[in-house]
Amino acid sequence: MTIILSIPRGQLIGSSIENALLILGGIYALWVWPQLLRRKVEFGKISKAEAQTKLKRFNPKWGYVFFAIAIIHVIMDLTV
């Protein structure tokens, strides 16, 4: 608890917002983006080939990278 109290309030709030955005980006990349593409394919708005090319352009596995960056960022903030 003393670690959190030693961090200035503005820095803690800013860091929390940044981490929340990274986590939301990870959630979007891992779960939301593929679901949106799957629904578009099911409704016939795009073909399976188009969905595959979109998934190749922005791979959902980048979500894991966003999560890792957020975790590393939290650890760095708490050790400073």
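Of the 80 residues in this protein, 21% count as buried. The model is a predicted one. The fold holds 4 helices and 0 strands. The radius of gyration is 18 Å, well over the 12 Å that the globule rule gives for 80 residues, so the protein is more spread out than a compact globule.

**Fold and dimensions**
- The order along the sequence is α-α-α-α.
- The C-alpha trace spans about 55 × 15 × 15 Å along its principal axes.
- Among contacts with a separation of 6 or more, 70% come from residues 24 or more positions apart.

**Surface and charge**
- The protein exposes about 6,200 Å².
- The side chains include 10 positive and 4 negative ones.
- The centres of these two charge sets lie 9 Å apart.

**Serine 15**
- Serine 15 sits in helix α2, which covers residues 9-42.
- Its relative accessibility is 10%, and buried means under 20%, so serine 15 counts as buried.
- Setting aside neighbours within four places in sequence, serine 15 is in contact with His73 and Asp77.

**Points to check in the structure**
- Is serine 15 buried or exposed? Serine 15 is buried, at 10% relative accessibility.
- Which residues does serine 15 contact, leaving aside its neighbours within four places in sequence? They are His73 and Asp77.

Note on methods. Residues are numbered from 1 along each chain as its sequence is written. Side-chain values use heavy atoms; hydrogens and water are left out. Helices (H or I, at least four residues) and strands (E, at least two) are DSSP runs, numbered from the N terminus. The radius of gyration is taken over C-alpha atoms; the globule rule is 2.2 Å times the number of residues to the power 0.38. Buried means under 20% relative accessible area, exposed over 50%, partly exposed in between (1.4 Å probe, protein chains only). Contact means heavy atoms within 4.5 Å. Accessible areas come from the Shrake-Rupley method with a 1.4 Å probe; for residues, only the protein chains shown count as cover. Lys and Arg count as positive and Asp and Glu as negative; His and the chain ends are not counted. The place of a charge is taken as NZ of Lys, CZ of Arg, CG of Asp or CD of Glu.
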